[in-house]
Amino acid sequence: MHPFEYVAPTSVEGAVKVLGEHGERARPIAGGTDVLVQLRGGRYELDAIVDVKNIPELMQIRNDSDGLEFGAAVACYQLYEDPGISAEYPGIIDAASLIGGIQIQSRAGLGGNLCNAAPSADGIGPLIVYKAVAKITGPNGSREVAVEDFCTAPGRTVLQRGELVVSISVPKPPKGFGAAYERFIPRNEMDIAVAGVASSVQLDSSGHTFEASRIALASVGPTPILCGYEPGSSGYDDPLAGKSVSEDSIAAAGKLARGSASPINDMRGTIEQRRHLVDVLTRRTIGLAVERARAAL
Amino acid sequence: MGHEITVTVNGKIYAGSVEPRLLLSQYLRDELNLTGTHVGCDTTSCGACSVLLNGRAVKSCNVLAVMADGSEVTTVEGLASGGEYHPIQRAFRDEHGLQCGFCTPGMMITAVDILSNNPQPTESEIRTGLRGNLCRCTGYHNIVKAVQSAAAELAS
Ligand SMILES: Cc1cc2nc3c(=O)[nH]c(=O)nc-3n(C[C@H](O)[C@H](O)[C@H](O)COP(=O)(O)OP(=O)(O)OC[C@H]3O[C@@H](n4cnc5c(N)ncnc54)[C@H](O)[C@@H]3O)c2cc1C
Ligand code: FES
Ligand code: FES
């Protein structure tokens, strides 16, 4: 490895300063489960590593009536070992308890998963279907970016020189909301998803009609895909709003998601297999989301 | 540039200067001579290098030594106490949970983490918990049996 400087700032300002000075030659490190593997694999060289686990704002968790906000360096286990968060945000927990194995989950978090911007990331789709927002701070102040607008290409994000994600904020799900994430991998083990789907539904008080929905796809495009949405646009074409909860409406959503996918052939799967998986996983995750939504009516 | 760190490993305090690139696995093996922590891959895949960092299993080839400053580390050498094997060590011996033994330190450390959060895991929970650990001798059945037997002993 190219020699690098290790910096462990204790404030957001301190981190922004170092990141601004080094530009692309420095990176934040949260759990390091992506950065250190990439560095050691020679994917890039760095002059400085900025350890963000000593910055209080990046390690905080707040779960109250407004929603859930967790620091960008909070590890997966801190989310799924919290009974309140597990009960209220099961679709996010599906991903947090799936990433790597327990050794990875001891260090890695959803902030790093998001910022790494891998097309296959398991954590991003669930954040999208919960309408999560990334809170960013940089040399020119703070801004918020919806998670569906955050990734711009494989490994690329909206973050500008000197910026870092401070926290991820998830609005409190209303009554009748449910969400789930599932992926397909060739072995029941650590691997990269061949395809993954996160779905969320908002049901009316009867539990029989969809009021709103979101379906987000992983591993079938250069960035995570929110079905019915063009990144950066203001329009959103909800796949299920107004429809009754039925096998037919769910099957139609599966078809629609299949059509939204733009997968490639690679060693993990073919285009056709991935499209098929999107269809199946969409129907499954909507089914599970409906179950969870009805339990929350 | 060296960084001064202080780490408690298996209850003993070590202080020294480390280069930022030094991995915790290298620090343990090369600086502290604790070679029970094995290194089986270069990609953070195999789990052989697992140690407890502040009580939680991590892959030590994926943590910089400097990031462990101020932490408590337990390696396989720290499992036995007072001349007595840890129940997980006895269980691996009794259930033939090892063949060549290369993956064993990482397996036992990870098992300790699993049991500390979930003292009575199901077989499926044990297998899920150990999915970040590879055994190239493929002795998984007896590894799972060993964890079950340790769980039973710890409960009694
Ligand atoms: C064995 C193994 C198994 C894995 N399995 C999975 C899996 O099943 N699913 C999956 O999705 N991923 C998996 N991964 C990849 C990785 O663990 C996840 O992406 C993880 O969530 C990354 O989190 P981290 O905190 O370790 O990120 P880091 O490695 O610390 O950072 C990742 C990227 O984000 C940047 N970054 C970190 N924090 C910030 C911040 N606050 N602001 C701006 N940029 C930041 C870093 O500079 C880096 O580019 C696996 C990795 C390994 C080694
Ligand atoms: S040596 Fe650390 S995971 Fe293989
Ligand atoms: S016993 Fe040989 S690698 Fe597991």
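How many residues of domain 1 of chain B are in contact with domain 2 of chain B?

1. Between the two domains, 15 residues of domain 1 of chain B are in contact with twelve residues of domain 2 of chain B; a contact means that the C-beta atoms of two residues, placed from the backbone, lie within 7 Å. Please keep in mind that this is a predicted model, in which local features need pLDDT of at least 70 and side-chain atom pairs count only at pLDDT 80 or more, while totals for chains, interfaces and linings use all residues. Residues are numbered from 1 along each chain as its sequence is written, and chains are lettered from A and ligands numbered from 1 in the order in which they are written.

2. Domain 1 of chain B spans 3-78 and domain 2 spans 87-155, with bounds from an automatic or database domain assignment. Their centres, taken over C-alpha atoms, are 21 Å apart.

3. On the side of domain 1 of chain B that touches domain 2 of chain B, β3 (50-53) and β4 of chain B each give two or more residues. Strands here are DSSP runs of E with at least two residues, and helices are runs of H or I with at least four, numbered from the N terminus. The largest share, three residues, comes from β3(B).

4. Turning to the chains, 23 residues of chain B are in contact with 20 residues of chain A. On the side of chain B that touches chain A, β4 (56-59) and α3 (104-117) of chain B each supply at least two residues, and β4(B) gives the most, with four residues.
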